[in-house]
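Here is a walk through one protein model, written to be read with the structure open beside you.

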Amino acid sequence: MMEREILELLRLERIREPLSPGKRLREFQMRLQKFKNGEEVEVAGFLIGRRPPGAPRDALYYILSPLPPSELSSLGKREFRTYLVIRITERTEISGRARPGSYVLVKGTIDAYPWGNLRVVHAGSIEGRDYSEYWKDYRGFALSRREVLDLFERTVYLRDDMRNALIYSIYGVPFIPGKSWGEGFEFTTFKYGENSDLLALWKALKYLYSSLPWEVRRTRQRIMEVDDPFLGLDFRLGNPNGSDMKYYTPPTKRGLVHLPSDVERDLEGKRVIGLLPKNVDANPLDRMARLSETPFVLLPSEERPYFEKNREFLQLIPNLLVTIFTRREKLAVLDRKKTLPLEEEFLRWLREFRDDYGDPFRALTAPSGPMNVGLRIELGKRLFGSIVRFNGRITRKAARDVRLINEAIVNDWMVVLKDHPSEMMRLLREYRMYVPGTLKAGRALEVLHDLASVSPSGEVTREDFIRELIRDGFSKGEALELLEKFLAGGYVYEPFPGKLKPIG
C-alpha cells in the first residue's frame, strides 16, 4: 500500500504545471498592479476594437486582453477577467498588423482609469506581433521531449511509427530554401478493406483537433464572437494566427472521401497541417499518397486506434503550444547542409531496398508511385525537419528515424500492391521507361537517378557518378562505358560540360 502511494506521489511530481487561462489572467493582473502611475511600460496582449465603459471623448480608447479570442470566449460568466485600456492619439505610432484580435505590443505611460479597477496606457506605439510570440513568452512551461512522448502514449493508441509520425507532424516543417512549400505537413492514412477501423482513427484525430484552440485550427470560421459580462460588451475578433501552423481534420464523413477544394489547395501548397484519415481504399496511384510526408495504410490486422479522453492532455494543450512554437523558433530554416545526414541515409536505403524487395519496390518508386524517388527525398527532408524540431537538435538518429518511417510506409504499400497487380504492372512499365533493360545498365542508371534526387539542381557531376558506381562494385572501365551508352541512348544529357542530368 505504501509503495503504491509513493509511486503515485512520484507520478504527480513529474506532472508539468498546466498553463491555464486562469493562471495567465492572474499573472497579467498582478503585473499591472505592480506598475506605478506615470511609469513607462511595455504590455503585450490581444487587441479588442471596442470602446471601454466610461471612456473620455478626448482620444480613441480600446481594450487589451491577456487571453487570445478562443480562451476569452470560453470563460464562464463567473470566472475572473481582466483587461488593460489603451489610449490612442494622433501621436501614437502603429505598425504591423493591429486589428481586432491581433496580438500587439503596446508601449507607453500607465495611469489610472476612471472606471472600476482598470488601468490605462497612454500609447506611444502599438506594434503588431506574430501570434507565436504570445506562447514563446511562456517558454518556462514548455514540455520536454520525454513529456510529449509520455502524454501521447497515454492518450493516443496507434502503432508506434504512426503515433511518432503524428507527433512529428504537429511541429510543422522548417522553411527549406528553394522550395515554395509552406510549413504544413500531411499525416495521411488510407483504409485497406472493410474492417480497417478508419472511422475509429478519424474519431481519434477529431478528438485531438477539437482539443486545440480556434486560432490553430483551419476552419471556415473567420470571426470569434465574445460576449463579456464584466464590461457589458460583445466583441468580434479576427484570428491572430496568420502562419501555416494550423491544423485540419475533416469535420464530417464526407471529408474523408472528398476534401473541399480550398483545403486541397492549402494541402498541396503545404499551407496547413493535415491530419487526414482517407476513407478510400489504398491505391498506389493515389495523388495524395504521392504528396504526403507519411502516407500510411491502416491494415485490418492492426489494433483498433483510439484516443483515451485524458484530462491531463486537455489541461496541457497550452503547454504543448508553447513547446511547438518555441521549437519552431529554434529551427525556422532547414538548409541543405543540415540535411546531408538524411541524403546519405536515403541513398543507402534505396540501394538496400532495391536489393531486398526487387520489382515491387521499384514499382513503388516509379514517377507515379507513392515512393517516387525525387519527391520522397524532398518529403523526407520535411519529415526530417519536423523530427529535428521535436528533438530540439539535428542528429544522425533523426535521419534513421525518417528511414524507419519510410520502411513502415513501404511495408504498408507492399501489402496493397499484392492485391493490385494491374497497378503494379503499370508502375513497373513506367519505371522501366527510363531504366535500360540490362541488369548492369539498369543498376547504374538507378544510381544516377538516386544521386540526382538528392541534388538541389537535379544535376550530378561526372566524377561523382563514376565514383558512386565504383563504390557500388563497377570497375572504372565499366562505369565510363555505361556513361557513354547512356549519353548516346538519350537516357542522360549534359546541360553543361561535366554535368549530367537523367531524362525522366
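Is Phe230 buried, exposed or partly exposed? Phe230 is partly exposed, because its relative accessible area is 36%. On this scale, buried means under 20% relative accessible area, exposed means over 50%, and partly exposed lies in between (1.4 Å probe, protein chains only).

**The model as a whole**

This is a predicted model, in which local features need pLDDT of at least 70 and side-chain atom pairs count only at pLDDT 80 or more, while totals for chains, interfaces and linings use all residues. Residues are numbered from 1 along each chain as its sequence is written, and side-chain values use heavy atoms, with hydrogens and water left out.

The average pLDDT (the predictor's confidence in each residue, from 0 to 100) is 90 for the protein chain, and 94% of the residues score at least 70. Confidence is lowest in helix H1 (residues 2-14), with a mean of 49, and highest in strand S11 (residues 247-248), at 98. A contact here means heavy atoms within 4.5 Å.

The protein chain holds 19 helices and 17 strands. These are DSSP runs numbered from the N terminus: helices are H or I with at least four residues, and strands are E with at least two. Of the 504 residues, 56% count as buried, and the C-alpha trace spans about 90 × 60 × 45 Å along its principal axes. Among contacts between residues at least 6 apart in sequence, 75% join residues at least 24 apart.

**Aromatic pairs**

The structure holds 24 aromatic pairs. Rings of Phe, Tyr and Trp (its six-membered ring) pair if their centres lie within 6.5 Å; planes under 30 degrees apart count as stacked, over 60 as edge-to-face and the rest as tilted. Two of the pairs are set out here.

| Pair | Centre to centre | Angle of planes | Type |
|---|---|---|---|
| Phe46 and Tyr134 | 4.9 Å | 65 degrees | edge-to-face |
| Trp115 and Phe230 | 6.1 Å | 70 degrees | edge-to-face |

Phe46 sits in strand S1 (residues 40-48) and Tyr134 in helix H4 (residues 131-136), so the pair links distant parts of the chain, 88 residues apart. Both Phe46 and Tyr134 are buried. They also belong to one aromatic cluster, together with Tyr103, Tyr131, Trp135, Tyr138 and Phe325.

Trp115 lies in the loop between strand S5 (103-112) and strand S6 (119-128), and Phe230 lies in the loop between S9 and strand S10 (233-238), so their pair ties together parts that are 115 residues apart in sequence. Trp115 is partly exposed, with a relative accessible area of 28%.

**Two pockets**

Now for the open spaces. A pocket is found on a 1 Å grid over the protein atoms alone, as an open set of points where a 1.4 Å probe fits, with protein on both sides within 12 Å along at least five of seven lines; lining residues have an atom within 4 Å of a point.

The largest pocket has a volume of about 560 Å³. It is lined by 30 residues, and the closest to its centre are Gly374, Leu375, Ala452, Ser453 and Ser455. Helix H12 (336-357), helix H14 (373-391) and helix H17 (439-453) each supply at least two residues of this lining.

The second largest pocket holds about 490 Å³ of space. Of its 19 lining residues, Leu347, Leu451, Val454, Asp464 and Glu468 are the closest to its centre. H12, strand S15 (460-461) and helix H18 (462-471) each give two or more residues to this lining, and the largest share, 7 residues, comes from H12.

Glu345 lies in helix H12. Glu345 counts as buried, because its relative accessibility is 11%. Leaving aside neighbours within four places in sequence, Glu345 is in contact with Ala399, Arg400 and Arg403.

Met224 is found in strand S9 (residues 223-228) and is buried, with a relative accessible area of 10%. Not counting residues up to four places away in sequence, Met224 touches Pro69, Ser70, Ser73, Trp214, Phe235, Arg236 and Leu237.

Lys270 lies in the loop between helix H8 (261-268) and strand S12 (273-281). Although Lys270 is not a glycine, it has a positive phi of about 55 degrees. Most residues other than glycine have a negative phi. Lys270 counts as buried, at 1% relative accessibility.

Technical notes
Grid points are joined across faces, edges and corners, and a volume is the space filled by probe spheres set on the points.
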